[in-house]
Amino acid sequence: MTASHPRHRRALVVPAGMALATALAFLPNTAATAAPADQGAASADAASLSYVVNVQGGHGAPAHVKKAIAKAGGTIVTSYEKIGVIVVHASDADFAKTIRKVPGVQSAGATRNAPLPSAATTDLGSPKVLSAAEVAEATAEAAAGQDPLENLQWDLAAIKADKAHEKSLGSPKVTVAVIDTGVDDTHPDIAPNFDRAASVNCVAGKPDTSEGAWRPGAAESPHGTHVAGEIAAAKNGVGMTGVAPGVKVSGIKVSNPDGYFYTEAVVCGFMWAAEHGVDVTNNSYYTDPWYFNCTNDPDQKALVEAVSRATRYAERKGAVNVAAAGNENYDLASDSITDPSSPNDGLPSDREIDPSKCLDIPTQLPGVVTVASTGAKGLKSSFSNYGRGIIDIAAPGGDSTALQTPAPPATSGLILGTLPGGGYGYMAGTSMASPHVAGVAALIKSKHPYAPPALVKALLYAQADATACTKPYDIDNDGKADAVCEGPKNRNGFYGWGMADALDAVTR
């Protein structure tokens, strides 16, 4: 299944026909994110594109490379010297071709196909907000010791987080960074656990630390706030409960005014997390404009290299990077995939790609935890990407209530989360599965504070509940297989090592 608005596809979406029938989720891939006009986009030349220029890391950008950039008409926005990534704005269409010939330049490429956008917004989505009546009903049915909306969160029991909370809520010394569309830290369920020092706006490709820069505006996407609540909504007698309600959460805003997650912003996000003590990053997006970045293309190769350097650096500095697998029901281990959506800021056309050579970043990068989604019946979500050797672990991301109906008192097959302005609502997608795993990783880090990322990941996989392939996988019961799962119970294409286990995370 291909999302209808691919630029923010990690969070959506449900199969056609269910939106009205189930009073669904937000359509998170349709909302846009606005940035203040002084963040570079609005002030940039209308004909400028953004580029990454990759040089040897650790020594700063060589003087002759800086001179060559200027001579080619480029303006350096910022330089991440430790990983050798330079962010440049230039209006010459041949800038990348010219700069690749400079000695010391290892790769260079445009991060987008359209000129740098203005600060205008487009808000096409409408959220399914939990109504006052629904809140009141859930509150009346809440059991002793539960937050008021916790009985709507079937996903917590699915990973044994409800049992885990009886043992531990996680440590306030652990921080999970939500690299996303921004986080509303004023929300009463997020405010108690918000880490301001680890929060920033990276939309322009360099850090903006002004007060509240990490927040979404009134017309911006609720996606990042929803994700943050799933991870660390406080267990405080208010609203809902996160997977790790005792850990800290920060907001690293990387989605631009038009809702795109461009390479320079993503690199900035990982670098900020690396330098500010973040233990886990959650990445519920793909890096625009290419769904898959082919390393035989010089521009796309440069984007893969830049983001790879940033994720590796963040891991070296102690962060476990967790990412959503995607929502198109693609077999990422297949020999060929038809990508109809790239470049999503230009003129997309069908292209056949080899997913072993054309990567969805950051989720397919080495070292990144790739998360598939399951529904309320514990089956692969109808939309979730899959693939043996690609998927590392599974967690609840929701599905159509008609396809996977939760047990009462939960009423929706989607995932409840926090919304900007103090609200709550439902969403579905691998975007929602990834934060569950990020929360479990935070609980592991809380239990084992000195564990390096490699050990946290090893424990995450070892503690997962092995889940056998669903055969046949006919999620809509029409007599036709909707996907084919390959591999044994403890390492297969639908569920990886299995379902994330929060109880083991705090007890083992």
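Cysteine 202 is placed in the loop between β6 (200-201) and α6 (223-232), whereas cysteine 268 belongs to helix α7 (residues 263-275), so the bond ties together parts of the chain that are 66 residues apart in sequence. The structure described here is a predicted model, and the distance between the two sulfur atoms of this pair in the model is 2.1 Å. The relative accessible area of cysteine 202 is 0% and that of cysteine 268 is 1%; because a residue counts as buried when this value is under 20%, cysteine 202 is classed as buried, and cysteine 268 is classed as buried as well.

A search of the whole structure gives 3 disulfides. A disulfide is a covalent bond between the sulfur atoms of two cysteines. Another of these bonds joins cysteine 294 to cysteine 358, with an S to S distance of 2.1 Å. The torsion about its S-S bond is about 110°, so the link between cysteine 294 and cysteine 358 is right-handed. Distant parts of the chain are connected by this pair, since cysteine 294 is found in strand β9 (residues 293-294) and cysteine 358 in strand β13 (residues 358-359), 64 residues apart. Cysteine 294 and cysteine 358 are both buried.

A further disulfide is formed by cysteine 469 and cysteine 485, with 2.1 Å from S to S. For this pair the value about the S-S bond is -65°, and the link is left-handed. Both cysteine 469 and cysteine 485 lie in the loop between α10 (453-463) and α11 (502-507), so the bond ties together parts that are 16 residues apart in sequence. Cysteine 469 is buried, as is cysteine 485. When the bonded cysteines of the chain are numbered in sequence order, the pairing reads 1-2, 3-4, 5-6.

Attention then turns to the annotated residues. In the UniProt record, which is an unreviewed entry, the annotation "active site" covers Asp180, His223 and Ser431. These residues are spread over 252 residues of sequence, and yet they cluster in space, with a largest C-alpha distance of 10.2 Å. Aspartate 180 is located in strand β5 (residues 175-180), and with a relative accessible area of 0% this aspartate is buried. Serine 431 is part of helix α9 (residues 430-447) and is likewise buried, its relative accessible area being 0%. Between two of the annotated residues there is a polar contact, in which the side chain of serine 431 meets the side chain of histidine 223 at 2.9 Å.

Histidine 223 is in turn one of the buried residues of helix α6. This helix is mostly covered, with 10 of its 10 residues buried. Besides His223, the buried residues of α6 include Gly224, Thr225, His226, Val227 and Ala228, together with Gly229, Glu230, Ile231 and Ala232. The buried residues of α6 pack against several strands, namely β5, β7 (248-253), β8 (280-283), β16 (415-419) and β17 (423-427), and also against helix α9.

Notes
Residues are numbered from 1 along each chain as its sequence is written. This is a predicted model: local features need pLDDT of at least 70, side-chain atom pairs count only at pLDDT 80 or more; totals for chains, interfaces and linings use all residues. Side-chain values use heavy atoms; hydrogens and water are left out. UniProt positions are given in the numbering used here, feature names are shortened, and annotations may be inferred rather than shown by experiment. Helices (H or I, at least four residues) and strands (E, at least two) are DSSP runs, numbered from the N terminus. Buried means under 20% relative accessible area, exposed over 50%, partly exposed in between (1.4 Å probe, protein chains only). A polar contact is a pair of N or O atoms within 3.5 Å; within protein, one must be able to donate a hydrogen and the other to accept it, and residues adjacent in sequence count only if both atoms are side-chain atoms. A disulfide is a pair of cysteine sulfur atoms within 2.5 Å. Contact means heavy atoms within 4.5 Å.
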